[in-house]
Amino acid sequence: MAVAAPSPTSGSTSPTGGGTYWRVFVACACVKILFWPSYHSTDFEVHRNWLAVTASTPMAYWYADQPKQSPWTLDYPPLFGVFERFLSYFAKLADPMIVEPQNLDYAAWSCVAFQRFTVVAAELACLGGGVAVASGGAPEFAVLFAGPGLASLFVVDHVHFQYNGVFLGVLACCAGFLVKGQHVRAAVAFTLLMCMKHLFLTLAPFFGVYLLFAHVLAEKTTLGEKVLRLVDLGAAVTATAAASLAPLVVPAFHDRGGLAGVGAAVVELKGRLFPFGDRGLVHSYWAPNAWALYAFLDRVAMKASGREGGGATRGVVETQIEYLPAPGPLHCALLTLLAAAPALLAAARTASTQSGARGIALPALAHACLAAFAFGWHVHEKFLIVALVPLAFLALGKGPAGSSEGSRMLDAKLYRHVARLATFAMLPLLPSPGPELATKVLVLALEECCLRALLDRPPGCPCCGDSPATLLETLLEGAHLAVLLSLFLLKEVVYPLLLPADLAARLEFLPLMLTSVYCAAWVSALSLLSAGRLLYVAYRADASAW
């Protein structure tokens with residue numbers, strides 16, 4: 001029998017609940033060790049080189065171009081550079097060759113095992129700790145976050161190779177602090193998050209509006225209290241940002257000639273973090289967002305007009321829109337802000353009360369993440385995982401108090417859909433054909449079992465049963481899964497095994513394009529659903545209307 005989605009009060013845990021939570025996390029971490037010998041992408045060499053750069057280069061010159069440097073230059077903020085510098089001390093003990101800057105593409109087993117271990121350990125500490133802070137250590141959260149319920153994270157971190165679990169853990173902390181009303185802690189955690197991964201700047205409008213109304217302009221506070229709260233919040237954010245930039249700024253001031261050296265280091269940092277001139281609107285593999293649909297329309301319009309081109313489908317990073325008007329970074333920023341407007345409006349209308357602030361935090365954060373993914377400039381498919389953090393808390397019963405059973409079940413369905421889409425969007429990161437096919441099939445099967453077990457319809461729910469609406473919904477979900485599986489089989493079986501080689505070569509990117517466009521249509525539809533629910537919350541000025 002399916003496990004019912006927990007009620008809003010089910011987040012409390014028994015004294016042994018925390019132990020069960022960590023046992024699940026550790027057990028899942030042990031299983032991930034079995035995948036250490038599997039395929040890893042060029043990101044593995046990227047992070048190995050960052051270990052070498054941060055270990056061998058003075059901090060003041062981390063972002064300066066160096067002679068004979070690797071093409072994989074450090075392009076994350078200084079706080080993440082400090083994280084890599086910390087890991088480099090242990091890398092020297094594991095294998096000194098890991099931190100040799102000129103030792104390109106080094107992949108001895110000692111290097112592979114060390115770097116894989118750092119991903120597992122960092123995820124256990126950051127994601128495990130962050131989710132524990134936010135959830136109170138309920139075991140079902142460990143199953144969802146550490147197990148196959150977040151299969152997309154497993155694919156991108158533990159096979160493809162990245163450190164997204166670190167960022168998601170800090171974001172989970174942010175979400176937990178918001179729900180608990182610990183606004184200054186949330187602001188500090190979010191500032192740290194932005195200073196580790198600059199793409200989280202796209203969530204700054206939500207945090208700014210939410211904290212303004214929930215903390216500074218909270219009801220039943222005097223003007224003097226509002227001013228003190230604003231100063232308190234501003235001081236905390238400023239101090240955190242300053243401390244996060246200090247590893248670059250202080251050495252630059254000391255080693256590069258004072259303020260002029262600081263200015264040069266900041267310019268270099270800006271060029272690395274925001275290389276708008278070197279990046280196109282979409283990546284070579286289109287992330288399933290609004291720009292995938294736009295790029296697809298551009299391809300269709302170009303073919304219909306008889307023009308030749310193909311920059312957006314030729315596997316280059318500097319993708320160009322060739323027929324339709326080409327949006328720039330500023331357009332993307334404005335559209336992201338516009339798409340996030342329902343979350344900002346709902347926060348402004350409800351967050352000034354304590355119950356409203358705690359109730360609207362997760363729904364508005366989830367929508368802000370979806371909006372940032374939908375319209376961000378050169379967004380990668382992995383950013384969709386970010387939205388799964390607040391959606392997971394909503395799906396497991398952490399939504400607004402007083403919300404209806406139907407609303408809670410809708411949250412569970414929303415997570416199920418976005419989790420599936422994120423996983424299918426992540427699978428093309430692994431090569432095919434090859435032994436990774438077994439990993440992909442296993443991931444899909446285990447994820448579906450987990451989602452069904454944790455988030456299926458509870459027995460006796462008034463929104464379930466054998467009604468025509470429920471049967472139609474089941475049929476539509478089945479058809480949706482059938483399309484996703486068909487696209488999967490097209491890329492993994494039909495193309496490498498059944499299609500003539502010349503035809504497969506001519507249409508090399510067709511399966512990826514179809515996957516991106518289909519998933520983008522679903523992500524857009526789910527984002528519109530979220531926007532509609534938040535606009536209704538704003539209209540009612542009641543978070544429980546979510």
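One aromatic cluster is formed by F44, W50, Y76, F80, F83, F161, Y163, F167, F200 and F383. The model is predicted; local features need pLDDT of at least 70 and side-chain atom pairs count only at pLDDT 80 or more, while totals for chains, interfaces and linings use all residues. Residues are numbered from 1 along each chain as its sequence is written, and side-chain values use heavy atoms, with hydrogens and water left out.

The structure holds 26 aromatic pairs. Rings of Phe, Tyr and Trp (its six-membered ring) pair if their centres lie within 6.5 Å; planes under 30 degrees apart are stacked, those over 60 are edge-to-face, and the rest are tilted. The F80 and F83 rings have centres 5.3 Å apart and planes at 45°, so this pair is tilted. F80 and F83 are 3 residues apart in helix α3, about one helical turn. Helices are DSSP runs (H or I, at least four residues), numbered from the N terminus. F80 and F83 are buried, meaning under 20% relative accessible area; exposed is over 50% and partly exposed lies in between (1.4 Å probe, protein chains only). F80 also pairs with Y163, in an edge-to-face arrangement with 6.2 Å centre to centre and 65° between the planes. The relative accessible area of F80 is 0%. Y163, at 3% relative accessibility, also counts as buried.

Another ring carries a charge. The charged end of R533 sits over the ring of W546, 3.7 Å from its centre. The criterion is NZ of Lys or CZ of Arg within 6 Å of the ring centre and within 35 degrees of the ring normal.

In soluble globular proteins, nonpolar side chains tend to be buried together. The largest nonpolar core here has 141 residues. Such a core is a set of buried Ala, Val, Leu, Ile, Met, Phe, Trp, Tyr and Cys residues joined through side-chain atoms within 4.5 Å. F145, L203, Y210 and Y415 have the most contacts inside the largest core. Helix α15 (residues 354-375) supplies its largest share, 12 residues. A second, separate core has 13 residues, including V282, W291, A295 and C332. Contact means heavy atoms within 4.5 Å. Beyond residues up to four places away in sequence, Y415 touches L144, G149, L150, L388, L391, A392, A395, L451 and L455.

Helix α8 (residues 183-196) has 14 residues. Its first and last C-alpha lie 20 Å apart, close to the expected 20 Å; the expected span is 1.5 Å times one less than the number of residues. Because 10 of its 14 residues are buried, α8 is largely enclosed by the rest of the structure. Among the buried residues are H183, F190, T191 and M196. Their cover includes α3 (78-94), α7 (164-180), α9 (204-216) and α10 (223-255). T240 is in helix α10. At 11% relative accessibility, T240 counts as buried. Not counting residues up to four places away in sequence, T240 touches V188, T191 and L192.

S403 lies in the loop between α16 (384-395) and α17 (405-426). With 7% relative accessibility, S403 counts as buried. A polar atom of the S403 side chain lies 2.9 Å from the backbone oxygen of P400. Leaving aside neighbours within four places in sequence, S403 is in contact with R408 and S544.

Note on methods
Helix = DSSP H or I, 4+ residues; strand = E, 2+ residues; numbered from the N terminus. Polar contact = N/O pair within 3.5 Å; in protein donor to acceptor, adjacent residues only side chain to side chain.
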